[in-house]
Amino acid sequence: MEPSTPNSESFDERQSIQVIRKMIQLSQKKIRNDGILLIVWCYAACLPALIKFFKEILFLPNRVMYLLKFVDPVLPILALAFTIYYIMQQRKKVTTYIGTSLRYVWISLFGCMVLTNLILSNVTHEVNFALQHPLFMVLTAFAILVTGVILRVKTVIIGGIFFGILAYIASLLPLHDQLFLDGIGWFIALAVPGHILYYQRNK
C-alpha cells in the first residue's frame, strides 16, 4: 500500500474547497431565484387585505365591488398553484436543504393558524376576528423571521420583526384598521426583500 504524497493531499484539499464553493454558490443562486415566491405570496396576502380596507372608505361602483369579491379567494389559489409548479420545476434541477426547511416552516404556519382558530373557538365560544387577526399576524411574523434566519437575509429578518410589532399595534385597533396594517406588513416584510433577491439573481 503506497503512502499518499503531499501533492495528492493538496489536490484533494483543493477539490474539496472547490466543491464547497460550488455548493455555496448554488445555494445562493437558489435563494435569489426563490425571491419570486416571496413576491407572489406577498401580493396574494397584501392585496386582499388592502382591498378590504379601502373598500370601506372609498366609494366604488357596484361592478367593481362585485369583481373585488373574487380577489380574496382567487389570489391565494393562484399563488398556491404557482408555488406547486415552481417547486416541481426546481426539483428537476436541484433540491436544497434550505428549500425543504422553508416548506416545512410555512406548512407549519398554516397548521398553527388552524389550531389557534380551534382553540379560540373552544375558549371564547365565538369567532372574534379582532382577536384572531393579531394572533395570526404574530404567527406570520414568526414564520417570516425564521425564513429570514434560514435564508440569512437581513431584510427578511427585519421584516419579520416589523410584522410582529405591527401585530401588537393591530391588537389595539378595530378589525378594519388591522387589515391596513396587515397589508402594509406583508409588503414591507416580503415584497421589498423578495424584489431585491430576485433582482440580484443574475449577479
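F54 counts as partly exposed because its relative accessibility is 32%, where buried means under 20% relative accessible area, exposed over 50%, and partly exposed in between, using a 1.4 Å probe and protein chains only. F53, by contrast, counts as buried, with a relative accessibility of 11%.

This is a predicted model, in which local features need pLDDT of at least 70 and side-chain atom pairs count only at pLDDT 80 or more, while totals for chains, interfaces and linings use all residues. Residues are numbered from 1 along each chain as its sequence is written, and side-chain values use heavy atoms, with hydrogens and water left out.

**Aromatic rings**

A pair of aromatic rings is described by the distance of the centres and the angle of the planes. Rings of Phe, Tyr and Trp (its six-membered ring) pair if their centres lie within 6.5 Å, and planes under 30 degrees apart count as stacked, over 60 as edge-to-face and the rest as tilted.

| Pair | Distance of centres | Angle of planes | Type |
|---|---|---|---|
| F53 and F54 | 5.1 Å | 80° | edge-to-face |
| F82 and Y86 | 6.2 Å | 25° | stacked |

How are F82 and Y86 placed in helix α4? They are four residues apart in this helix (residues 71–93), and therefore about one helical turn separates them. F82 is partly exposed, at a relative accessible area of 31%, whereas Y86 is buried, at 10%. As for F53 and F54, ring pairs link them with F180 into a cluster.

**The chain as a whole**

The secondary structure of the chain consists of eight helices and zero strands, where helices (H or I, at least four residues) and strands (E, at least two) are DSSP runs, numbered from the N terminus. Confidence is given as pLDDT, which runs from 0 to 100 for each residue; its mean over the chain is 79, and 77% of the residues reach 70 or more. It is lowest in helix α1 (residues 6–33), with a mean of 54, and highest in helix α7 (residues 154–170), with 93.

Of the 203 residues in the chain, 31% are buried. Among contacts (heavy atoms within 4.5 Å) with a separation of 6 or more, 73% come from residues 24 or more positions apart. The accessible surface, from the Shrake-Rupley method with a 1.4 Å probe, comes to about 13500 Å², and 69% of this belongs to carbon and sulfur atoms.

Key: pLDDT = per-residue confidence, 0-100.
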